[in-house]
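Here are my notes on the model. Please keep the viewer open while reading.

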Amino acid sequence: MSQALTRKGPSASRIRKNKSRDGEGLVGWLFVSPAVILFFVFILAPFVAALALSFFQWDLLTPAEFAGLSNFQLFLTDPAAHQALSNTFIFALASVVTHIGIGMLLALAVNRKMSKVVQYIVRSSVFFPFLISWAAVSLLWKYVLDPNFGILNYYLEKIGIQAPLWLIDENWALPAIIGIDWWHTIGYTFVILLAGLQTVPQTLYEAAKVDGANVWRRFWNVTVPGMAPTLVFATIITFIGAFQIFEPMRIITQGGPAGSTRSIVLYLYEQAFEQFQIGYASTIAMVVFFIIMTVTLLQLRLTRKWVEA
């Protein structure tokens, strides 16, 4: 009889273990609750609101009216939106190429055997511009590239070079913004690539040297495969940041001249806070989200085998 009762009820040690697990679970939820709350308040809720507003016409003053897919149809036929999207893709592509290419060269240069003091100075000087706010950087370069009293044009003319009208010429305005973005953000990409470069085992380089591989072959067969996850991460982060560019184009050129530097996020801002077309601006936000998501997933899919290899 006593044995039967013992089998029916849980043991005291099992009860204590269950209570301990419940307590650990509660503590875990308490730790993650700030992040969960912030996610719901600042990411999920605005996303759902923007998705819902994309199906409405709303100017912030009058009641919202359901518009179905008319906002999406307008986006497909809006030449200003197409130009802004084209500018953004050009900017993002140029940003990825310059950041990964030049960032890798800088990382390789700093990773060479040199004095710790020199390494520190180079790393700090390259990374320092990234610490400056975009507003300050935009105002700084707006004056540097000014065609009338800009420092750059002044010294170019001193050495006999006819300086272009950087921020006024349609052919030079977007390349100038690309250069400013590179100067400001290359430090972040540089640090990521340098960290990835330092994770490649030196024994692989030594084995490649024994096999007679030259510097170029060691780079392609050892460095690049060893840094594959880092390169993929840096490419995705750079693309996402570049596709959401806003501050320099808003502060320096206001999207001009003739819309040549208007990004898709700047166009979204203009539609929302200048034209008060909240529904159409929400539609543009959804388009930006799905483009970034699609390109990111495509990058991950195309590079999965390369990274796993």
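1. Is Phe 276 buried, partly exposed or exposed? Phe 276 is partly exposed, at 39% relative accessibility. (Buried means under 20% relative accessible area, exposed over 50%, partly exposed in between, with a 1.4 Å probe and protein chains only.) Phe 276 also has a positive phi of about 60°, although it is not a glycine. Look for Phe 276 in the loop between α13 and α14 (278-308). (Helices, H or I with at least four residues, and strands, E with at least two, are DSSP runs numbered from the N terminus.)

2. Ground rules. This is a predicted model, where local features need pLDDT of at least 70, side-chain atom pairs count only at pLDDT 80 or more, and totals for chains, interfaces and linings use all residues. Residues are numbered from 1 along each chain as its sequence is written, and side-chain values use heavy atoms, with hydrogens and water left out.

3. Check the loop between α12 (247-253) and α13 (264-273). Gln 254 is found there. Its phi is near 55°, a positive value in a residue other than glycine. Gln 254 is partly exposed, with a relative accessible area of 42%. Pro 257 is in this loop too. The peptide bond from Gly 256 to Pro 257 is cis, with omega near -5°. For context, most residues other than glycine have a negative phi, and most peptide bonds are trans.

4. The core. The largest nonpolar core has 58 residues. (Such a core is a set of buried Ala, Val, Leu, Ile, Met, Phe, Trp, Tyr and Cys residues joined through side-chain atoms within 4.5 Å.) Helix α8 (residues 170-197) gives the largest share of this core, eleven residues. Phe 75, Phe 91, Leu 145, Phe 243 and Ile 264 have the most contacts inside the core. Take Ile 264. Leaving aside neighbours within four places in sequence, Ile 264 is in contact with residues including Phe 75, Phe 243, Ile 284 and Val 288. (Contact means heavy atoms within 4.5 Å.)

5. Helix α6 (residues 134-144). Its buried residues are Trp 134, Val 137, Ser 138, Trp 141 and Val 144. They cover an arc of only 125° around the axis, which puts them on the same side of α6. (The arc is that of the directions from the helix axis to the C-beta atoms.) An α-helix has 3.6 residues a turn, so residues three or four places apart point the same way. The buried residues of α6 pack against α7 (151-158), α8 and α12.

6. The largest pocket. Its volume is about 820 Å³. (On a 1 Å grid over the protein atoms alone, a pocket is an open set of points where a 1.4 Å probe fits, with protein on both sides within 12 Å along at least five of seven lines; lining residues have an atom within 4 Å of a point.) The lining has 25 residues, and Leu 108, Asn 111, Arg 112, Gln 202 and Tyr 205 lie nearest the centre. α4 provides the largest share of the lining, six residues. By class, the lining has twelve nonpolar, six polar and seven charged residues. (Ala, Val, Leu, Ile, Met, Phe, Trp, Tyr, Cys and Pro count as nonpolar, Asp, Glu, Lys and Arg as charged, and the others, Gly among them, as polar.)

7. The second largest pocket. Its lining has twelve nonpolar, one polar and no charged residues. α14 gives the most to this lining, with six residues.

Note on methods
Points joined across faces, edges and corners; volume = space filled by probe spheres on them.
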